[in-house]
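Let's take a friendly walk through this structure together. Keep the model open beside you and follow along.

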Amino acid sequence: MEKNDPITITLTDRLFDTIQRAIVEGEIPSGSKISEPELARQHGVSRGSLREAIGRLEARKLVERKPNLGARVVTLSYEQLIEIYQVREALEGMAARLAAQNMSDKEIEELQLLLDQHGRQIEEQHGEAYFQKQGDLDFHYRIVQGSKNHQLIGLLCNDLYHLLRMYRYQFGMRSKRSSQAYDEHHYLLNAISSRDPEMAELLMRQHIRSSRRNVERMLLEN
């Protein structure tokens, strides 16, 4: 089958999405070896399609190859993870500022509906979990998109997005902080809907700083 055959591309896309979700949600844990024969057998695909999918996961920084060790799910050191949160605080703060200026009224209304949906989810989980689905179902993703700044979107919705989701899933959204994080989202949305860019940036930075401290505490406890 030719590499550019539409069936091959669709199969690789589906395989990439499946493995990416498994890594982000911890089904394939950090540091674990990627067994190409096992994954090819498990998903009923060729080694060629699998290698292409793994190559894309490398580009997303979810998988890394090391000499004599093969491909493994990435493991960030404590210092690397905190550095990413520091970058995130600055960039998402800027995104929130721009979103308060650039989001349309309709986009803000849709963000409110999304947050209402998240509130029902937290009630169902009795305040013990708050993990958002990816893309347009992710509150932070929507704010970054609402900034209308293509450089920020590229950095936060592509380069770092899934790596951050992996650690948000493991440390940030299954903790006693869930209800507090949801309340902080409400305050942030109020600032955006009030078209207050300074307050939106301040609240976003405080929100991510609190998330970082939560991760620091959980890492040190482990």
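Let's begin in a loop. Lys148 is partly exposed, because its relative accessible area is 38%; buried means under 20% relative accessible area, exposed means over 50%, and partly exposed lies in between, for a 1.4 Å probe and protein chains only. You will find Lys148 in the loop between H6 and H7. Although Lys148 is not a glycine, its phi is positive, at about 65 degrees.

Before we go further, a word on what you are looking at: this is a predicted model, in which local features need pLDDT of at least 70 and side-chain atom pairs count only at pLDDT 80 or more, while totals for chains, interfaces and linings use all residues. Residues are numbered from 1 along each chain as its sequence is written, and side-chain values use heavy atoms, with hydrogens and water left out.

Arg195 sits in the loop between H9 and helix H10 (197-221). Its phi is near 60 degrees, a positive value in a residue other than glycine. Arg195 is partly exposed, with a relative accessible area of 32%.

Now step back to the whole chain. The protein has 10 helices and 2 strands; these are DSSP runs numbered from the N terminus, helices being H or I with at least four residues and strands E with at least two. Along the sequence, the pattern reads α-α-α-β-β-α-α-α-α-α-α-α. Of the 222 residues, 48% count as buried. The accessible surface comes to about 11,700 Å², and 49% of that belongs to carbon and sulfur atoms, using the Shrake-Rupley method with a 1.4 Å probe, where for residues only the protein chains shown count as cover. Among contacts (heavy atoms within 4.5 Å) between residues at least 6 apart in sequence, 75% join residues at least 24 apart.

For one example of a pairing across the sequence, turn to Ile82 in helix H4 (residues 78-102). Ile82 is buried, with a relative accessible area of 8%. Leaving aside residues up to four places away in sequence, Ile82 touches Arg212 and Glu216. The C-alpha atoms of Ile82 and Glu216 are separated by 7.8 Å, although the two residues are 134 apart along the chain.

How do the helices pack? Two packed helices are described by the angle between their axes and the distance between the axes. The axes of H4 and helix H7 (residues 150-159) come within 11 Å and cross at roughly 130 degrees; axes are lines fitted to C-alpha atoms, for helices over the stretch in contact, and angles run from 0 to 180 degrees between N-to-C directions. H4 and H7 are therefore oblique to each other, since angles under 35 degrees count as roughly parallel, over 145 as roughly antiparallel, 65 to 115 as roughly perpendicular and the rest as oblique. From H4, Leu91, Glu92, Met94, Ala95 and Leu98 make the contact, and from H7, Leu152, Leu155 and Leu156.
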